[in-house]
Amino acid sequence: MAISSDLIRGHTDMIILANLMKEDSYGYRINREIQEKTNNMFELKEATLYSAFRRMEKEGVIRSYWGVEDLGARRRYYTITPEGRAAFAQYCKEWDQVKTTIDQLITL
């Protein structure tokens, strides 16, 4: 059973930033890692992913650059900025509060 995108909506930036905390990456690889971590229960739509990249770059939380590829197509890589690291920390705090609140609301 797939995870509803409604449950993930609003957390796309946090998910992307979490991937970039480890290392610079590109869209396809980020989406593939999301699929692997969720056992193929969730993936970001390509339009959602690249819209998020553009918005996040405009906000200054990520930067992009063209990678040097010996084989295959040239890829646009994304890297997290210091502002992105601060935003990620804030998102994590908010997520912890949301999890606690939701657990309180649905506990029978």
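Which strands does helix 2 lie across? Helix 2 (residues 12–22) lies across strand 1, strand 2 and strand 3, and runs at about 90 degrees to strand 3. Helices (H or I, at least four residues) and strands (E, at least two) are DSSP runs, numbered from the N terminus. Axes are lines fitted to C-alpha atoms, for helices over the stretch in contact, with angles from 0 to 180 degrees between N-to-C directions. This is a predicted model, so to speak: local features need pLDDT of at least 70, side-chain atom pairs count only at pLDDT 80 or more, and totals for chains, interfaces and linings use all residues. Residues are numbered from 1 along each chain as its sequence is written, and side-chain values use heavy atoms, leaving out hydrogens and water.

Three strands make an open, antiparallel sheet in the order 1-3-2 (strands pair if DSSP finds at least two bridges between them). Strand 1 (25–26) and strand 2 (62–66) sit at the edges with a single partner strand each, so one side of each has no neighbour in the sheet. Strand 2 is joined to strand 3 (residues 76–80) by five bridges, and Ser-64 has Tyr-78 in strand 3 as its bridge partner. Helix 4 packs on the sheet too, touching strand 2 and strand 3 (contact means heavy atoms within 4.5 Å), and its direction makes about 110 degrees with that of strand 2.

Helix 4 (residues 46–59) also packs with helix 3 (residues 27–37), at an angle of about 120 degrees and with axes 11 Å apart. Gly-27, Tyr-28, Ile-30 and Asn-31 in helix 3 meet Leu-49, Tyr-50 and Phe-53 in helix 4.
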